[in-house]
Number of protein chains: 2
Amino acid sequence: VSDEAAFIALMRDLATSGAARALMDDAAVLDVAAWGGGDTHMVLTSDTIVEGVHFLPDDPPADIAWKLAAVNLSDLAAKGAKPVGCLMNYSLSGDARWDTAFAQGLGQVLGKYAMPLLGGDTVRMPTGAPRSFTLTAMGSAAGPVPARAGAKPGDALYLTGTVGAAGAGLKLCRAGKSEPAALVAAYRRPQPRVREGRALAPLVHAMMDVSDGLLIDASRMAMASRVAIIIDHVPVADALRAWSGDDSIAARLSAACAGDDYELLLALPAGCFPPADLPLMRVGEVRAGSGLSVALDGENVPLPDRLGYLHGD
Amino acid sequence: VSDEAAFIALMRDLATSGAARALMDDAAVLDVAAWGGGDTHMVLTSDTIVEGVHFLPDDPPADIAWKLAAVNLSDLAAKGAKPVGCLMNYSLSGDARWDTAFAQGLGQVLGKYAMPLLGGDTVRMPTGAPRSFTLTAMGSAAGPVPARAGAKPGDALYLTGTVGAAGAGLKLCRAGKSEPAALVAAYRRPQPRVREGRALAPLVHAMMDVSDGLLIDASRMAMASRVAIIIDHVPVADALRAWSGDDSIAARLSAACAGDDYELLLALPAGCFPPADLPLMRVGEVRAGSGLSVALDGENVPLPDRLGYLHGD
């Protein structure tokens, strides 16, 4: 099983934390007392991606690895958690170059976000089976840890950045295009808001990451919090607007329904202003009631049939 | 996506811990301060199983679920960890009865070992793809946490039970047989030594679970600890001996090379005797040097070509 041994050696290069026990033991062992910084909670999240469902066979393997880790890091960010480590469950593809490129991308994203590899499992698949990968991320957070629930009437709703770039990047990728590079990169190499989440967690009433689209995720926050949410501003990505030249209400609504931006959506109590060094965009407000509504340029806008991206669409 | 919603509802029934946030949030959140009992370490382990590689399409789904959780619980046991929770990454099979049976088996094993479901991910596979499942288990342990390394010359080597029953059960299953039931059950529903691991962890120099066979796992402990290990007794399962009627050296050696027993192998310092209420079997001793040797009935026994079970064999 030499390709397995070769891949595990690549993983061992990433498993530099003592908690990983050099991937030689039955389990990873984290000393919780060493977290320090007042963190009292462990945050756990896991995502599985499958070839042909969540990524395409000809996607660059380094980008697939980046995105898998970034998606999990975004969940940690939504909890205000500091990455502590991750487990990688990997299915060998029978293509050592592919596996090596995946490991390189994984090393890049784990290095950037300081999330050491602690363990996991490597398996061989039956011939012809699609690749599938699971990454499980652990973070530490101070309590209380924000949830989707908790938004209150009177809260202002903020986003940590813009929307639409990743969705446009997906369309470009599907069309076999690689330009504009900023849009493709937004789709393939999302930058989870780990630092921002950690700074915002103590301030918010509710927080979540926007993975499927601003409108659908805002409607989920409204439902979990049992409140009404009004979106009155859609901060469209500059790169998207420059490329499309379209700033119509329809274009803004489309960006608000696009997935994969991985910004944080948060409800801040009235009178609480976001830290000046965080690039927050005010997108709406929370009211008593239920459901989602959209008002742009001062006018109510009918909700589109699909509020966001759903796998299987 | 109604079968997905139905399956997630089954999972929600198992996710009764507050840390699971009813599977409605972006991540699970564990209050580490609530562990109590002096536990300062988080133990993490994860296994992926694939249809056609680690289990067969006609294996009972409830047993597949049991075994997946049990294998992870055995890794926690080897660290002396108390189960805290788990994440389940599930690939829908398109067969709701199969999925439901899997969920029932999962509920049984999680209930027996008090390991609540905290989260995970449910994905749809492309048509015809093999099922694959990942379970990630978390436990809490007091430090220092045992490792495979650490065995010292003069230590006595113990096993928490017997060997060979699960390997015989696997052969029976492959031959389409369901009797003797005790052997089949040993293979399909292993009973990880969680209680024993927790009691033994403060006493041992080294500990690991025996998943691939007594001889191969003992040789791994010898290598990790940089010592020699002599196995001088093979405690063959009563049910296996009663069925085979064979207590020859060859039969005992075969049982020592059989996998899937999930007992704990531990090195106890000289003069430290195991607690009387734990069913420990003395199997050998640790000496200066390197490598594994076997002596049965007072005679050196040549090592077999294959010391244990390896996936892919």
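Me: Which residue does D25(B) form a salt bridge with?
Reply: In this predicted model, D25(B) forms a salt bridge with K79(A), and the closest N and O atoms of the two residues are 2.8 Å apart.

Me: How many salt bridges are there between chain B and chain A?
Reply: The count between chain B and chain A is four, and the pair D25(B) and K79(A) is one that forms such a bridge.

Me: And how many residue pairs are in polar contact across that interface?
Reply: Across the interface of chain B and chain A there are 22 residue pairs in polar contact, where both residues have a pLDDT of 80 or more.

Me: Which parts of chain B supply residues to the side that touches chain A?
Reply: At least two residues each come from β1 (28-31), β2 (41-50), α2 (61-78), β3 (82-92), β4 (117-124), β5 (132-141) and β7 (206-210) of chain B. Of these, β2(B) gives the most, with nine residues.

Me: What kinds of residues are on that side, nonpolar, polar or charged?
Reply: The residues of chain B that touch chain A divide into 27 nonpolar, 11 polar and 12 charged.

Me: OK, what area is buried between the two chains?
Reply: About 3800 Å² is buried between chain B and chain A, and carbon and sulfur atoms give 57% of that area. On the side of chain B, the three residues D26(B), M42(B) and L44(B) supply 18% of what this chain buries against chain A, which is more than any other three residues.

Me: How many residues are in contact on each side?
Reply: There are 50 residues of chain B in contact with 50 residues of chain A.

Me: What about strands, which strand of chain A is joined to β1(B)?
Reply: Strand β2 of chain A, residues 41-50, is joined to β1(B) by four bridges, and the two strands run antiparallel. Within this pairing, M42(A) has L30(B) as its bridge partner.

Me: New topic: how many aromatic pairs are there over all chains?
Reply: A search of the whole structure finds 14 aromatic pairs. One of them is formed by F7(A) and Y90(A), which are stacked, with 3.9 Å from centre to centre and 20° between the planes.

Me: Where in the chain do F7(A) and Y90(A) sit?
Reply: F7(A) is in helix α1 (residues 2-14) of chain A and Y90(A) is in strand β3 (residues 82-92) of chain A, so that this pair, 83 residues apart, links distant parts of the chain.

Notes:
Residues are numbered from 1 along each chain as its sequence is written. Chains are lettered from A and ligands numbered from 1 in the order in which they are written. This is a predicted model: local features need pLDDT of at least 70, side-chain atom pairs count only at pLDDT 80 or more; totals for chains, interfaces and linings use all residues. Side-chain values use heavy atoms; hydrogens and water are left out. Contact means heavy atoms within 4.5 Å. Buried area is the accessible area (1.4 Å probe) that two parts lose on being put together, summed over both. A salt bridge is a side-chain nitrogen of Lys or Arg within 4 Å of a carboxyl oxygen of Asp or Glu. A polar contact is a pair of N or O atoms within 3.5 Å; within protein, one must be able to donate a hydrogen and the other to accept it, and residues adjacent in sequence count only if both atoms are side-chain atoms. Ala, Val, Leu, Ile, Met, Phe, Trp, Tyr, Cys and Pro count as nonpolar, Asp, Glu, Lys and Arg as charged, and the others, Gly among them, as polar. Two strands pair if DSSP finds at least two bridges between them. Rings of Phe, Tyr and Trp (its six-membered ring) pair if their centres lie within 6.5 Å; planes under 30 degrees apart count as stacked, over 60 as edge-to-face and the rest as tilted.
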